[in-house]
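Look at the sequence and structure first.

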Amino acid sequence: MDFEQFFKSELDGLHEEGRYRVFAELERQQGSFPRATRYTDKGQQDVTVWCSNDYLGMGQNAQVIEAMKKTIDHCGAGAGGTRNISGTNHYHVLLERELADLHGKESALIFTSGYISNWATLGTLGQKIPGLIIFSDALNHASMIEGIRYAKCERVIWKHNDIKDLEAKLAAADPRAPKMIAFESVYSMDGDIAPIKDICDLADKYGAMTYLDEVHAVGMYGAHGGGIAERDGVMDRLTIIEGTLGKAFGVMGGYITASTALCDFVRSFASGFIFTTALPPALAAGAVASIKHLKTSQLERFAHQERVRRLRSMLDSAGIPHLRNPSHIVPVIVGDAAKCKWISDLLLDNFGLYVQPINYPTVPKKTERLRITPTPLHSDADMEHLVGALHQLWSRCALARAVA
Ligand SMILES: Cc1ncc(COP(=O)(O)O)c(C=O)c1O
């Protein structure tokens, strides 16, 4: 086989379908988030980032940075091994305690990313619990889908956020089979939110475990940043809450929180946990500082919500269509892959505004969008700049305006 030719022709296919991904090369500027320096063949450019998942700017928080620096000075750079073989650092243990407390669970287990936490946990439980059926929301994240696939257990896909469909599917399954319902709280592309309480009610009725991915909610919702389940007062009803340390907490890593027996089970059987080097201690220390801060400070959460409302109202005034959802994610719908990419390119090149286009297959065709994530650190002037630029480009592209 001509391997090179194979790789090239597959990549050509992506180009032809308009699905080839181009990364913006950025250098984040500590202390002036959301600004970054963009590197291109033509030189450098100052840009404002509008699509970061560092939703609260905690990646720039002074306490987080200080904790990381101190820990590097104290412990060095890496963890030095897997958790089992010399890699378990004091800061990993502190972080797991902090996370268990955040979600009101007995225990927590950290992983190298949110992706791996979903993949390893769902994969292990699906593989090891005899006859487990996983009921998976149709819009679950790739990491959950891959974990369930890897488990090779029976899986049933239910219509996104559709309680009736979920109930019909639970009722149709073998009543004796062990069951798990796997879903997310905030869905990151549409920004809609799952009816967690109703799903827990169904789980109780059908004797199912629940697995909730709160990746796009932890830090941002609930009085202590425990996520939508905390906000809705239902954390104790979930068997497993999964989250990331890489988005609102501003660092990196993933985790599950659950009973001590369940966490110990995953710790003992999940290859994605066992056979990989542990997170650097400084990351764990930074995450502890971030979680501790957001457990008590409401400033970031309030400012975040206020900034989201402000941007939405400015978009409304300019007639720029965006999905109405109850979360902090503002999807501006373009509805055409080529135009979406073109607008994103012009925003970056001509206005210094970075919003990555989101095209098929991440979202369905004709719903191509700019997924905008305002943070507490975007100013009114930043918003005026963004909305003004979108206003101009909407006219140039002859895109429909929303009627307020
Ligand atoms: C819903 C969801 N779960 C899990 C992940 C993976 O988290 P991480 O980025 O920490 O790997 C993502 C990443 O974007 C996500 O959107």
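**Strands and a helix pair**

Strand β2 (residues 35–40) and strand β3 (residues 43–49) pair in the antiparallel sense, over six bridges. The model is predicted.

**β2 with β3**
- Two residues lie between β2 and β3, and the two strands form a hairpin.
- Arg-38 stands opposite Gln-45 in β3.

**β1 with β2**
- Strand β1 (residues 25–28) pairs with β2 over four bridges, in the antiparallel sense.
- Leu-26 has Arg-38 of β2 as its bridge partner.
- The hairpin of β1 and β2 has six residues between the strands.
- In this hairpin, Gly-31 takes a positive phi near 95°.

**α2 with α12**
- The crossing of α2 and α12 is right-handed.
- On the α2 side, the contact is made by Gln-63, Val-64, Ala-67, Met-68, Thr-71, Ile-72 and Cys-75.
- On the α12 side, Pro-281, Ala-282, Leu-283, Ala-285, Gly-286, Ala-289, Ser-290 and His-293 take part.
- The residues of the contact of α2 with α12 divide into ten nonpolar and five polar, with no charged residues.

Notes. Residues numbered from 1 in each chain as written. Predicted model: local features only at pLDDT ≥ 70, side-chain atom pairs only at ≥ 80, totals over all residues. Heavy atoms only, no water. Pairing = 2+ DSSP bridges. Left-handed = near helix turned anticlockwise from the far one by under 90°. Contact = heavy atoms within 4.5 Å. Nonpolar A, V, L, I, M, F, W, Y, C, P; charged D, E, K, R; others polar.
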